[in-house]
Amino acid sequence: MKTHLALISIGLLLPTLAAELQPTAEQQKQLTPKGVLEELMAGNVRYASGKVADPNILARVELAAKGQYPKAYILSCVDSRVPVELVFDQGIGDLFVGRVAGNIESTEQLGSIEFATKVAGAKLVMVLGHEACGAVKGACDHVELGNLTHLLKEIKPAVDAVQGHKDRSSKNSAFVEDVIEKNVRLTVEDLRKRSAVLAELEKSGAIQIVGAVYSLHDGKVRLLN
Ligand SMILES: [Zn+2]
C-alpha cells in the first residue's frame, strides 16, 4: 500500500517537473545543433569536475514512457570505461547511444542514426572515440579472432592513414592515439559519404556531425576540428 501511495504522489508531481526534466516535441524543435553541442560539452565539464546534476531517475522513467525527444546521437565504442550518458551528464531520454567496438559506422549504425535524426529529431551526431581503445590497438596489431577480424578490418583505413611512426604496433601509445583520432575523423567523413540522408540534413543545417575523443585519465571530451 505504501508503494502504491508513493507512486501516486510521484504521478501528482510529474506535471510540474516535466518541463525541466524532459523536452517536449516542441522544445526539441527549438534546439539547434550548436546549442546541443554546447549543452553536451557543459555537461562534460560538470562530469569531469564531479559536479553532476541529480539524474531524477524515478521521475524520468515515468516521463520517458510517454515518448522520447532526444537531442543527440552519440556513436561510441563499447568500452566499459566510457559511460556515455554520465560523460555528458545526461539523463533518461536525452541521448540516442549507438555502441560498437571502435565506434565505426556499420550499415546498422547508419540506419539507426538516420532514424534518430530524420525521424526522431536529434540535432547532433557525435562520433566519440576514446584513449587507449582496445579495438584500435587490435587493428594496429592485425589481430584475427572470429567475427572480430571483420570488425577490425573497418578500422584498418585509419591505421594505414597515420604516418610518421617507426613502431606501428599497439606498444607505441603515441601511434595508437593518432590512429584513434584518425578513426574518428574517417568515421565522421564516412557518415556523410555513406548516408545521403545525413549529408542532406547537415547541409540544410538541421543537424551537425562532429568527432571527439574521450580521455580515460581526466574524463574530458576533446572536440576534433
Ligand atoms: Zn574502444
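This briefing covers an aromatic cluster, the nonpolar cores and the surroundings of one glutamine. The model is predicted. Its aromatic pairs number three, and ring pairs join Tyr73, Phe96 and Phe115 into a cluster. The largest nonpolar core has 38 residues.

**Aromatic cluster**
- Tyr73 and Phe96 count as stacked because their ring centres are 6.3 Å apart and their planes stand at 25°.
- Tyr73 belongs to strand S1 (residues 72–76) and Phe96 to strand S2 (residues 95–99), so this pair ties together parts 23 residues apart in sequence.
- Tyr73 is buried at 4% relative accessible area, and Phe96 is buried at 12%.
- Phe96 also pairs edge-to-face with Phe115, at 6.1 Å between centres and 80° between planes.
- That pair links strand S2 to helix H6 (residues 107–119), with Phe96 and Phe115 19 residues apart.
- Phe115 is partly exposed, with a relative accessible area of 40%.

**Nonpolar cores**
- Within the largest core, Val136, Ile155, Val179 and Leu191 touch the most other members.
- Helix H10 (residues 173–194) contributes the most to this core, with seven residues.
- A second, separate core has 18 residues, among them Val36, Val84, Met126 and Val210.
- Beyond neighbours within four places in sequence, Val136 contacts Ile155, Val176, Val179, Ile180 and Asn183.

**Surroundings of Gln28**
- Gln28 sits in helix H2 (residues 25–30) and is buried, at 6% relative accessibility.
- The Gln28 side chain reaches the backbone oxygen of Gly121 at 3.4 Å.
- Not counting residues up to four places away in sequence, Gln28 touches Pro23, Tyr69, Pro70, Ala120, Gly121, Ala122 and Lys123.

Technical notes. Residues numbered from 1 in each chain as written. Predicted model: local features only at pLDDT ≥ 70, side-chain atom pairs only at ≥ 80, totals over all residues. Heavy atoms only, no water. Helix = DSSP H or I, 4+ residues; strand = E, 2+ residues; numbered from the N terminus. Buried < 20%, exposed > 50% of the residue type's maximum accessible area, 1.4 Å probe, protein only. Polar contact = N/O pair within 3.5 Å; in protein donor to acceptor, adjacent residues only side chain to side chain. Contact = heavy atoms within 4.5 Å. Core = buried A, V, L, I, M, F, W, Y, C linked by side-chain atoms within 4.5 Å. Phe/Tyr/Trp six-rings, centres within 6.5 Å; stacked < 30°, edge-to-face > 60°.
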